[in-house]
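Hi there,

Here is the structure I promised to pass on. My notes on the ligand site and the pocket follow below it.

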Amino acid sequence: MRMVLKGNGAVAHGVRLARAQVISAYPITPQTSIIEGLADMVSEGKLDAKFIKVESEHSALAGCISASSAGARVFTATSAQGLALMHELIHWAAGARLPIVLANVNRAMAPGWSIWTDQNDSLSQRDTGWMQVYCESSQEVVDSVIQAYKVSEKVLLPTMVILDAFFLSHTYEDVEVPEQSMVDGFLPPLDLPQKMDLERPAALGNLVFPDRYMEFRRKMDLAHDLALGVWEEVGREWGGLTGRSYGLVEEYRLEGAELVFVTAATAASTARVVIDAMREEGIPAGLLRLRVFRPFPAELLRGVLAGRKKVVVLDRNCSFGHHGIFHQEIKSALYGLPDAQRPPMYGFIAGLGGRDIRPDDIDGMLRGVWEGRITDPVSWWDVLEAKDPARAAVVMA
Amino acid sequence: MAADLTTYDPRNLHLPEGEIMRSGHLACPGCGAALGMRLALKALGPKTMVVIPACCWAVINGPYPFGALDVPVLQVAFETAAISASGIKAALDVQGKDDITVMAWAGDGGTFDIGFQSLSGTVERNDDIIYVCYDNEAYMNTGIQRSSATPYGAWTTTTPAHTPKAEPKKNMVEIMVEHRIPYTATASIAFPEDFVRKMRKAQSIRGAKFIHLWISCPAGHKSEERSSVKIARLAVETGVFPLYEVEDGVHYTINHEPAFTDVTEYLELQGRFRHLDESQIENIRRNLEWEWLRLRAKVEMGQKVPSPPAPVKAKVDEGAHEPRGE
Ligand SMILES: Cc1ncc(C[n+]2csc(CCOP(=O)(O)OP(=O)(O)O)c2C)c(N)n1
Ligand SMILES: [Mg+2]
């Protein structure tokens, strides 16, 4: 059925179609309309689930962890401060190998308070063992939520489905909402191999001594390796059912591209317009959109980027004291390439705290690099630079 | 009046026969928390699931891949016992398994302090779980630091003997009662039949139930292992820990009228109170009197005030429902 949905509405419909059984969530802008939508669906009987209206995000995820441990398909959603408050349990969910799906609406971290998008909230959870999928459109959101359950339940790792604040969460788009019967065929009811069970009483989550701990973590890492293939497989299967295939990354006009622009989420939509215009002019530019960030498709990226003339990475995030996070990750993936194959990389940090990234910005980055005017490995874009950086560095306001 | 300790012959106790807790656990000798769990599970029976946050019991149950309980156990983060029980209950409900009791079993730190917020949320929603706080009056697992359940005057490693805890113990039971949950009770390992009865009563009531179980801790209270039950009994008989239950947030019943033995009998058996001088002990006596005045006034209040009106479910008028726009 075709519907006009904003990103948040697409999340709620994805959760409904996946037949989540327990929802445990707490409101935060700009995530709220996800859980309001779900509250309506549960209240109207359109979704047969228990919605635990918890007193915090910390409890939101704790409720998902225990409900999942008892065998239910679960869902929660949050943003920024809420995700940070969950942090201890973010580790817990992955360590306990629970197939939880969480929608995170990317929002900048305070202070100062910001409700607008950037990726530092989700990327701060990079090393927790969760899978992360960055979405570009409402269509991709609804499709990814459903796929996330399938992949998570196969590899027993939780997934964060991530969408930009406002640019995606609150923008209405035309969406093909799949039929329930089709989704039911794609995603069978959850049957966890290990759960709380009166027939087989076991203690889950005990103390683990050093002689066993590492093996648990090794298995988590192996599950991530496995998940790379599963995401591709599931994305293809989805394509067979809906005509919309998904991969770990999305390649746009990369044939013959010497200048490759890499980014994630909605900035990719803007980049497409710029790439098209540059191609018109004869500049051999192309776009690589990161979709699945954890597990990290290093080998795939190496293959796609090897031998290109220049690679430009746009990060709507920053690992302070180093680079943008996508930039560093891609750079590390390319390290294994022989010198002649390894393209020079240029990182741009832009759009933090929801600052708009316009076509002109991307055009400026790409042209600056292509024409050799920008040579710095990392640049902050569209930012008011102080005359005296040493002094500015220690003045707050 | 001296407490009559002779009437409690363990051979005359009437307790359920079945054992769900096995002997191969890791509790210290004389641990009241081990005895408490044994009794709690005797009461609840095998159709029970247990949540254990960080606390001594996270260790007592045994390391991976062992477990001392013959029912499913989920160990959870320190501050999440209550919501974890809620989550399990919700999961069981959606799977149509409505005959399983879910019990959260947390220490005083996990209840009075770090898990307070989540507990308040769970009982405010009146989720159908039993929450037992086994109270050894400090963070014992991390080596005896004060909690807000530590009583006035007690030594802990963070309230050293020359500056012992200056504040009174937080009254968790009253905080739970004020959430208007259907059932709140105190219990003691020295009164096992009373404890078992209360657990069974809790099991028979739908909604949130809170049991505050006082236990002794030889390592943390600096007491003799063989005196654990005696000290627990003296906590009740001196009036330090009243045995009572509260229904519907208003009806108070005192389950055991203490002998009101002088509090020194209780204090002397525990090294954590050894440093107290007469003025501090007198302060404890005066506070006990005040606490009892308050408790008895509540019993009287409950005789005058009826149960709160039963909640009424909103009528849903299908036609009038206005769906929110996407
Ligand atoms: C978030 C967090 N903070 C601190 C700890 C360390 N810790 C583990 S158990 C514990 C004390 C538990 O005290 P209590 O709840 O009274 O149980 P007891 O050990 O006395 O049985 C502490 C502080 C932890 N596990 N998690
Ligand atoms: Mg304690």
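Which residues come nearest to ligand 1? Of the 18 around it, they are B:Gly109, B:Gly110, B:Tyr134, B:Met140 and B:Asn141, where "around" means having a heavy atom within 4 Å.

Before going on: this is a predicted model, where local features need pLDDT of at least 70 and side-chain atom pairs pLDDT 80 or more, while totals for chains, interfaces and linings use all residues. Residues are numbered from 1 along each chain as written, chains are lettered from A and ligands numbered from 1 in the order written, and side-chain values use heavy atoms, without hydrogens and water.

Ligand 1 is surrounded by residues from chains A and B, so the site is shared between chains. Its oxygen atoms make polar contacts (N or O pairs within 3.5 Å): one oxygen lies 2.7 Å from a polar backbone atom of B:Asn141, and for B:Gly110 the distance to a polar backbone atom is 2.8 Å. At B:Asn136 a side-chain N or O atom is 3.0 Å from a ligand oxygen.

Then there is the largest pocket, with about 1,100 Å³ of space. A pocket here is an open set of points on a 1 Å grid over the protein atoms alone, where a 1.4 Å probe fits, with protein on both sides within 12 Å along at least five of seven lines; lining residues have an atom within 4 Å of a point. The volume is the space filled by probe spheres set on the points, which are joined across faces, edges and corners. The lining has 40 residues, with A:Gly95, A:Ala96, A:Leu204, A:Gly205 and A:Phe216 nearest the centre.

Best wishes

Key:
A polar contact is a pair of N or O atoms within 3.5 Å; within protein, one must be able to donate a hydrogen and the other to accept it, and residues adjacent in sequence count only if both atoms are side-chain atoms.
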